[in-house]
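Biologist: I am new to this structure and would like to learn how to read it. Could we go through its features in turn?

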Amino acid sequence: MEIHHHQYEAVIVGAGGAGLSAAVYAARGGANVAVISKLYPPRSHTGAAQGGINAALGNLEEDHWEWHMFDTVKGSDYLGDQEAIELMVRKAPEIVYQLEHLGLPFDRTPEGKIMQRPFGGHTRNYGEAPVKRSCHAADRTGHMILQTLYQNCIKEGITFFDEFHVLDLLLEDGVCRGAVAYEIATGDLHVFHSKAVLFATGGCGRIFSFTSNAHALTGDGLASVYRRGVPLEDMEFFQFHPTGLYPLGILITEAVRGEGGVLRNDQGERFMERYAPTIKDLAPRDLVSRAIYLEVREGRGIGGKDYVHLDATQLGQAIIKAKLPEIADFCRTYVGVDPVKQPIPVKPTVHYAMGGIPTDIDAQVIVDDQGTPVAGLYAAGECACVSVHGANRLGCNSLLDIVVFGQRGGVRLAEYVKGADFAPLPPEPEAWSVSQIERFLKGPGDHQEKIGALRAEMQELMMRDVGVFRTEEPLRQALAGLKALKARYQEAEIDDRGHRFNTDLLEAIELGNLLELAEVAAAGALNRQESRGAHYREDFPQRDDANWLKHTLACKVAGQIEFSYKPVSITKFQPKERKY
Amino acid sequence: MKAHFKIKRFNPEKDREPHWEEYELEVEPTERVLDALQTIKWEQDGTLTLRRSCAHGICGSDAMVINGKNRLACKTLIKDLGSHITVEPLRGLPVIKDLIIDFTDFFAKYRSIKPYFINDEPPPDVERRQSPRQRARFDDTTKCILCGICTTACPVFWADSRYLGPAAIVQAHRFLFDSRDQGAEERLPVLSAHGGVWKCRTVFNCTDACPQGIDVTGAIAEVKKLLLFRKL
Ligand SMILES: Cc1cc2nc3c(=O)[nH]c(=O)nc-3n(C[C@H](O)[C@H](O)[C@H](O)COP(=O)(O)OP(=O)(O)OC[C@H]3O[C@@H](n4cnc5c(N)ncnc54)[C@H](O)[C@@H]3O)c2cc1C
Ligand code: SF4
Ligand code: FES
């Protein structure tokens, strides 16, 4: 294994929508920046986003940022930070126009403006009725955003290290010094000495078994900073998207319901009318997912099984072809269902981590309730928690989040590196990474435990005990189970002992990250004794603002998880009961 | 059902030549080939190496030759192949290991056509207008996920590695037919140069194989026409 050394003012880890936005604006701000990504940038999971990106453009009907703000705050079950939300929604129209100016091919209205459609939880006049706010390009909006941003990075001449897997953050005395990456093609290590690092490594849905998240979404960035003593915020809030294609978990966008599709149980009943009389099928995801689970529990799943139907047959061939072509393709390819003629089988699928690395509105990582920053450390996108999504994210607000805060992070990064020096590297910066690799490459070879089997056990356990409905006892069992899995992970071995493209090794390292994060999520779920947004405790079914209107910070101290808290920023909207 | 996989393996750290290895496993007919390959990796042989991420045909990671045809492993179901399945790396680009090919040349060619929006006029405060018809004009080529299937299915590319290949031309088409873009003058020289569109012999392998259903040959033909028209 060779060790290579690089120096860049700023390093961005991750090349999805957040990382690429940051890169464009860091470069424009004059920073000498490198982007490191374990996937080729256009393979990032931002490309999977289907439905759209929100902005109150009002292209088709009246809309205002204040309405968007209210919906986002209410959708977050009042846990979202209102200062950050206000900034994001006020900035949204400018961000969407900027994307258009960068070449993004949005769908168009007859007048040639950006096309918009309704989405879950987005309403007119503070909850009256659904509003057309989601700007989209068919059901490929994420693909178009990812492509457009990557194209503009090429235009800016940004340096990429493609298929480099970051293993470790170099952080000492509260000052960021760079990162260590593993070159997948060769097995060499690369030490990146930098003044600043921005993590944009996306989600960690792979801690669960039934998910819309890519195999690559293993939370590496979250785990890397967590191991270095930075807390993670609100990790107990995991979004289950109501409509995962049964039995695979592939996402069927909310746009199907935005365009007029409805959910039906075994009796053909449009059951959302009972759960959310005003906005029905376009209620926020936490509500709809719980409704589906309840229907299934009460025996109204299709044929008594654990799924329901998403009925889009009334949309007709033309709309499905023009507005939902990818979805139709998925249904036909994977389950042989033609959504023009037949209902789509769906079940809630693990989708989005509301929690993440705590940051301020400039993507600067902060570690406590005092706003204490880690010098030179930034995070943006799904791996960060600003928090604009609070306890439950609304559809089409993540693409907005990643571009808004990716961009702010990039701008801030460029400013920061102008005024900062390179902090010296620690004596053996690659030591921890080398030890991780060697443990797997030089194991005794008697194969006690297999990575794939351990991962499957963890995913099943999380699904069963840390899912849509949670209670104390199963959560305690989950924590005990995870502890046992972590111990067995220490004995696990891999088959591939080579240096070239060793994905066996990388999957093993990723599992280490997943186990760490699964534990934080389960511990946070046990700790939070209330129900809010996506976190639903059957033994504490009410929201408890008196005790729990606060963010959780989970920190690793001497191998144990310690919790502390941070207040929620409440400016315009006082917490109210959440009804739809 | 029982499935029989025959996979072309090559690890240059150990092997002098590629060789075939065979695996048997229980699968559901509705499973993806990708699922089966991962089961083999996770349960039988961890050294089997492939790229994958999204597992539903949108990231372009797992293009490979399956039963003789270029396909995405995650968009190919076992039931459409039968119980005997052969898997090889894409042809025409160097193999790094097993099913992993080296995409360096592919992305260099992609970059050579200037795959980004060019319009130096100051933008309006809102969106640039584009009619639904103008938008539809280049819709097909916006779908490209850069999976490499078309380029590595092209006999012209196999024979002459200087050829840009269909994927790069598809990307050029996406901008050339976008009413807002003004970069044609910069792109057309690359497209009309020696390795450019004129190499295409309309074999249609690319169109047949594209997992996004893009009319690749049609896009190349449109770029050819544009070049002819410009020259007149
Ligand atoms: C199927 C699906 C549909 C969605 N639809 C919508 C929608 O319509 N609207 C909406 O607003 N949101 C949607 N979302 C959510 C949204 O798409 C994601 O939250 C968002 O794209 C995340 O972007 P990101 O840039 O943070 O991360 P990603 O795009 O996931 O990128 C992560 C990057 O980090 C890199 N990386 C990870 N680990 C490492 C490492 N160790 N070393 C180096 N690089 C690393 C990866 O290579 C990748 O480049 C959807 C999500 C899914 C899963
Ligand atoms: S045109 Fe089709 S086959 Fe070619 S790279 Fe794009 S998506 Fe793949
Ligand atoms: S894994 Fe993404 S296209 Fe197959």
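Modeller: We start with a term. A helix here is a DSSP run of H or I with at least four residues, and helices are numbered from the N terminus. The model is predicted. With that numbering, helix α15 of chain A covers residues 503-527.

Biologist: Which helix gives the most to the lining of the second largest cavity?

Modeller: The general idea comes before the case. Rolling a probe the size of a water molecule over the atoms shows where empty space is left. In the whole structure, the search finds 14 cavities of 30 Å³ or more. The second largest cavity has a volume of about 260 Å³. Helix α15 of chain A gives the most to its lining, with 4 residues. The lining has 17 residues, and those nearest the centre of the cavity are K38(A), L39(A), I184(A), T503(A) and R52(B).

Biologist: How much space lies in the largest pocket, and which residues are closest to its centre?

Modeller: A pocket is an open set of points, whereas a probe in a cavity cannot get out. The largest pocket holds about 1000 Å³ of space. Its lining consists of 39 residues, with R206(A), S209(A), R32(B), D35(B) and W42(B) closest to the centre. At least two lining residues come from each of α10 (325-335), α13 (451-465) and α15 of chain A and from α1 (33-44) of chain B. The largest share, 6 residues, is supplied by α13(A).

Biologist: What can be said about chain B as a whole?

Modeller: Chain B has 9 helices and 7 strands. Its C-alpha trace spans about 60 × 35 × 30 Å along the principal axes. Of its 232 residues, 59% are buried. Chain B exposes about 9600 Å², and 52% of that area is supplied by carbon and sulfur atoms. Among contacts with a separation of 6 or more in chain B, 64% are between residues 24 or more positions apart.

Biologist: How far apart are the mean positions of the positive and negative charges of chain B?

Modeller: The chain has 35 positive and 32 negative charges, and their mean positions are 5 Å apart.

Biologist: Is Q171(B) buried or exposed?

Modeller: The cut-off for buried is under 20% relative accessible area. Q171(B) has 2% relative accessibility, so it counts as buried. Q171(B) lies in helix α6 (residues 166-176) of chain B. Beyond its neighbours within four places in sequence, Q171(B) is in contact with Q147(A) and Q151(A) as well as Y110(B), I113(B), C144(B) and L146(B).

Biologist: What are the contacts of P166(B)?

Modeller: P166(B) is in helix α6 of chain B too, and is buried because its relative accessible area is 1%. Leaving aside neighbours within four places in sequence, its contacts are C150(B), T151(B), C154(B), C206(B), V216(B) and I220(B).

Biologist: What is the phi of D98(B), and what is that of K114(B)?

Modeller: D98(B) is not a glycine, yet its phi is positive at about 45°. D98(B) is in the loop between β6 (95-97) and β7 (100-101) of chain B. K114(B) has a positive phi near 55°, and its relative accessible area of 27% makes it partly exposed.

Conventions
Residues are numbered from 1 along each chain as its sequence is written. Chains are lettered from A and ligands numbered from 1 in the order in which they are written. This is a predicted model: local features need pLDDT of at least 70, side-chain atom pairs count only at pLDDT 80 or more; totals for chains, interfaces and linings use all residues. Side-chain values use heavy atoms; hydrogens and water are left out. Buried means under 20% relative accessible area, exposed over 50%, partly exposed in between (1.4 Å probe, protein chains only). Contact means heavy atoms within 4.5 Å. Accessible areas come from the Shrake-Rupley method with a 1.4 Å probe; for residues, only the protein chains shown count as cover. Lys and Arg count as positive and Asp and Glu as negative; His and the chain ends are not counted. The place of a charge is taken as NZ of Lys, CZ of Arg, CG of Asp or CD of Glu. On a 1 Å grid over the protein atoms alone, a cavity is a set of points where a 1.4 Å probe fits but cannot get out, and a pocket is an open set with protein on both sides within 12 Å along at least five of seven lines; lining residues have an atom within 4 Å of a point. Grid points are joined across faces, edges and corners, and a volume is the space filled by probe spheres set on the points.
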